[in-house]
Amino acid sequence: LQSSFLLFSRHLTHLELTENTLDQVSGTWLNAFSPGCTSLVSLDFKDLDHELDFEALESLVNRCTGLEILKLNRAVSLTQLKLLVSKLPHLIELGVGSFSPAVPVEDQTSLSVCLRNCTQLRSLSGFWIITPGYLSIIYPICSSLVSLNLSYSPICDGELADVVSHCYNLRKLWVSCRTLTYGLCEKTTNFFIDCQCMFYLC
């Protein structure tokens with residue numbers, strides 16, 4: 001993988017990695033990008049189940065300011081997410097890493113502001129781990145979302161209902177069958193009818 005990256009990544013625009021793509025699990029694959037790689041529009045490594053070199057990822061994001069799609073794995077923390085999103089105002093799709101561990105209120109507010117500055121953001125996914133109460137961070141951008149994938153998210157139906165109630169323009173929603181309860185169905189039925197949202201159970 002590394003030699004291929006070094007040869008071809010300078011003009012790479014789209015990259016999606018799965019666990020089977022890599023021979024190594026150390027996260028050092030990020031260092032294989034050519035220093036001249038500034039052309040990435042889409043980077044998706046949500047399925048990689050290992051730690052990564054965050055400094056290398058941050059450096060790549062700093063160079064590829066035209067990124068429109070970024071899907072992170074569970075190793076990316078809330079604090080790291082804030083650092084990345086602050087550099088990417090043109091994001092259209094974002095797969096967040098883990099909404100954890102707990103961070104000060106100022107950092108929560110700062111991340112919320114960074115997300116709000118992504119004025120073209122229309123799709124959110126990820127949320128591999130969620131600190132209780134932290135989904136309120138995304139409330140300010142919910143009205144702009146047309147797609148929300150919470151199928152990986154270990155959240156209670158009350159939190160899910162609160163998020164959904166802010167998503168006035170949502171067209172597609174994915175949730176885990178473990179999340180779905182009779183109470184949630186009661187709370188959200190009118191919402192799905194009113195906004196004509198497609199509901200996917202995973």
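Start with Glu159, which is buried, at a relative accessible area of 19%. The cut-off for buried is under 20%, so Glu159 falls on the buried side of it. Keep in mind that this is a predicted model. Glu159 is located in helix 6. Setting aside the neighbours within four places in sequence, its contacts are Pro132, Gly133 and Leu135.

Thr131 sits in the loop between strand 5 and helix 5. Its relative accessibility is 16%, which counts as buried. Not counting residues up to four places away in sequence, Thr131 touches Phe99, Ser100, Pro101 and Ala102.

Trp128 also belongs to the loop between strand 5 and helix 5. Is Trp128 buried or exposed? With 13% relative accessibility, Trp128 counts as buried. Its contact list, again without residues up to four places away in sequence, is Lys46, Leu72, Asn73, Arg74, Val96, Gly97, Ser98, Tyr152 and Pro154.

Trp128 and Tyr152 form one that is stacked, with 4.3 Å centre to centre and 25° between the planes. Planes under 30 degrees apart count as stacked, so the 25° between the rings of Trp128 and Tyr152 puts the pair in that class. Trp128 is in the loop between strand 5 (123-125) and helix 5 (139-142), while Tyr152 is in the loop between strand 6 (147-150) and helix 6 (157-164), so the pair ties together parts 24 residues apart in sequence. On the accessibility side, Tyr152 counts as partly exposed at 32%, whereas Trp128 counts as buried at 13%.

Now the charged pairs. In general, side chains of opposite charge can pair when their charged atoms come close. How many salt bridges does the structure hold? It holds five, and I will go through some of them.

Lys87 forms a salt bridge with Glu58, where the closest N and O atoms are 3.9 Å apart. Lys87 is partly exposed, with a relative accessible area of 34%.

Lys71 pairs with Glu93 in another salt bridge, and there the closest N and O atoms are 3.5 Å apart. Since Lys71 lies in strand 3 (residues 69-71) and Glu93 in strand 4, the pair ties together parts that are 22 residues apart in sequence. Glu93 has 26% relative accessibility and counts as partly exposed.

Lys82 forms a salt bridge with Asp107, with 3.5 Å between the closest N and O atoms. Lys82 is in helix 3 and Asp107 in helix 4 (residues 105-116), so this pair ties together parts that are 25 residues apart in sequence. Lys82 is buried at a relative accessible area of 16%, while Asp107 is partly exposed at 26%.

How do helix 2 and helix 3 cross? Their axes come within 10 Å and cross at roughly 20°. Angles under 35 degrees count as roughly parallel, and helix 2 and helix 3 are therefore roughly parallel to each other. The crossing of the two, helix 2 and helix 3, is right-handed. On the helix 2 side the contact is made by Phe54, Leu57, Glu58 and Val61, and on the helix 3 side by Gln80, Leu83 and Leu84.

Last, the overall numbers. The protein has seven helices and eight strands. Of its 202 residues, buried ones make up 48%. Taking contacts between residues at least 6 apart in sequence, 73% join residues at least 24 apart. That is the end of my part.

Notes. Residues are numbered from 1 along each chain as its sequence is written. This is a predicted model: local features need pLDDT of at least 70, side-chain atom pairs count only at pLDDT 80 or more; totals for chains, interfaces and linings use all residues. Side-chain values use heavy atoms; hydrogens and water are left out. A salt bridge is a side-chain nitrogen of Lys or Arg within 4 Å of a carboxyl oxygen of Asp or Glu. Buried means under 20% relative accessible area, exposed over 50%, partly exposed in between (1.4 Å probe, protein chains only). Helices (H or I, at least four residues) and strands (E, at least two) are DSSP runs, numbered from the N terminus. Rings of Phe, Tyr and Trp (its six-membered ring) pair if their centres lie within 6.5 Å; planes under 30 degrees apart count as stacked, over 60 as edge-to-face and the rest as tilted. Axes are lines fitted to C-alpha atoms, for helices over the stretch in contact, and angles run from 0 to 180 degrees between N-to-C directions. Angles under 35 degrees count as roughly parallel, over 145 as roughly antiparallel, 65 to 115 as roughly perpendicular and the rest as oblique. A crossing is left-handed if the near helix is turned anticlockwise from the far one by less than a right angle, and right-handed if clockwise. Contact means heavy atoms within 4.5 Å.
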